[in-house]
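Here are my notes on the model, as numbered points. Have it open while you read.

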Amino acid sequence: MSQTVLLHFSGQDHPGLTAALTGILADFDASILDIGQAVVHETLALGLLVELPAGAEFAPLQARLEDKAEALGLRLRFTPISAEALAHWLSLQGKDRFILTVLGRSITAAHLSSVTAVVTDQGLNIDRIERLSGRLSLAVHTPDANACVEIHASGQAQSQDEMKSALLEVAQRFPIDVAFQRESIFRRNRRLFAFDMDSTLIQGEVIDELAKLAGVGDQVVRITESAMRGEIPFSESFRRRVGLLKGLPEARVRELLGRIPLTEGAEQLICTLKTLGYKTAILSGGFTFFAHHLQQRFGIDYVYANELEMTNGAVTGEVTGSIVDGARKAKALREIATRENISLEQVIAVGDGANDLPMLKLAGMGIAFRAKPLVRASASHSLTHLGLDSLLYLIGVRDRDIENLACFQPVEIPEEL
């Protein structure tokens, strides 16, 4: 009968440890049933579940491994695995797997304690924890630092809705965000990112800035806020706001192209996505003149937005064509996915307002980014504390993966709208 033993090595890490230890196992024709290795602060933890051939003696292998571990400065622990325990382990292969991504400017023990307590309460087991962000100094935390830990858990959750609610409560109690995803082939194969523009890709609402130039800022802001809270239909609010812009000179409209800043992390995110081959889209209830400005600057693949009508060098107070509202955004998202021949499960949609909810719910991953309370509560994911580049963590990209990434250079923007 074959023997199954769990080997656990720990100690100071240095090159060649795994090769030396598995070389000994090879001399005894051992099969490796499972393996896991992690290095934390240059300290190694290596576990191997090994099976010896039928009739083989374990004592000679044990002696060789103990001698080698001592020579390498490692501690070694042996745990015999019974046939029943092995059968139970094999039976768990089909269990559900989940990814929890914890994000903040820093991550403390209190944060992880609260998050992992939710995992435990739901009956899940934590299989692996990995840091995706770069190394942070313990002495100095810069205000714009990113900290991210990815937790892999498995088992049968008692209620995914209850788990989401509990994680949202943790995120409200601490300055962190927690994203909760089911591990699947789609999670590892996203293909399209679709963004709202105003207050998502850029720090502000274009229509509000135009209203300030037209001297009707307070009136438009009140209508905008009501619409973003979902109190009045977007299309109705949009026509009312655009009507107040009537007579604004075209030259003043053009001034906004260099005035509204990008959201923190937007350039890094889009640069990385384009370099990795993702398709990108702007699905905006704002205006095409600004969306096309971003499209040309960053190479955005698709733009759906509203055409601000101008005649004789001034805004008419009307829009050309149908209004891009929440329903149109969702329809556009579906059209792009069909054109790209991808599943909606491979789509990530990002927005902040009530009119973004249809596309957030349609996408495989819908992210409420620095969003209104109604949107945060309704979307499957919510990010508040970091910049847009933190979305890369949700697709498993580590800081070290993009440290030397060559980004595009912004192109010259023409004077014409």
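1. Which side chains meet in a salt bridge at 3.0 Å, N to O? Glu264 and Arg370 do, where a salt bridge is a side-chain nitrogen of Lys or Arg within 4 Å of a carboxyl oxygen of Asp or Glu. Glu264 sits in the loop between helix H9 (250-254) and helix H10 (266-275), and Arg370 in the loop between strand E14 (365-369) and helix H14 (373-378), so the pair ties together parts that are 106 residues apart in sequence. Salt bridges that share partners join Arg105, Glu264 and Arg370 into one network. Glu264 is partly exposed at 29% relative accessibility, and Arg370 is partly exposed too, at 33%. (Buried is under 20% relative accessible area, exposed is over 50%, partly exposed is in between, with a 1.4 Å probe and protein chains only.)

2. Some ground rules. This is a predicted model, where local features need pLDDT of at least 70 and side-chain atom pairs count only at pLDDT 80 or more, while totals for chains, interfaces and linings use all residues. Residues are numbered from 1 along each chain as its sequence is written, and side-chain values use heavy atoms, leaving out hydrogens and water. Helices (H or I, at least four residues) and strands (E, at least two) are DSSP runs, numbered from the N terminus.

3. On confidence: pLDDT, the predictor's confidence in each residue from 0 to 100, averages 89 over the protein chain, and 94% of the residues score at least 70. Confidence is lowest in helix H3 (residues 83-91), at a mean of 83, and highest in strand E9 (residues 192-195), at 98. Residues 408-417 have a pLDDT below 50, and beyond near neighbours in sequence this stretch has 20 contacts in the model, contact meaning heavy atoms within 4.5 Å. Where pLDDT is low, the predicted coordinates should not be read in detail.

4. Back to the charged pairs: a search of the whole structure finds 20 salt bridges. One of them joins Arg182 to Asp96, with the closest N and O atoms 3.1 Å apart. Arg182 counts as partly exposed, at 37% relative accessibility.

5. Glu236 is partly exposed at 40%, as is Arg240 at 43%.

6. Is Lys329 buried or exposed? Lys329, in helix H12 (residues 326-340), is buried, with a relative accessible area of 0%. Leaving aside neighbours within four places in sequence, Lys329 is in contact with residues including Asp196, Ser284, Asn355 and Asp356.

7. Now the nonpolar interior, where a core is a set of buried Ala, Val, Leu, Ile, Met, Phe, Trp, Tyr and Cys residues joined through side-chain atoms within 4.5 Å. The largest core has 60 residues, and Phe290 is among those touching the most other members. Not counting residues up to four places away in sequence, Phe290 touches Met197, Ile202, Val206, Leu256, Leu257 and Ile260. A second, separate core of 21 residues includes Ala281, Ala337, Leu360 and Val375.
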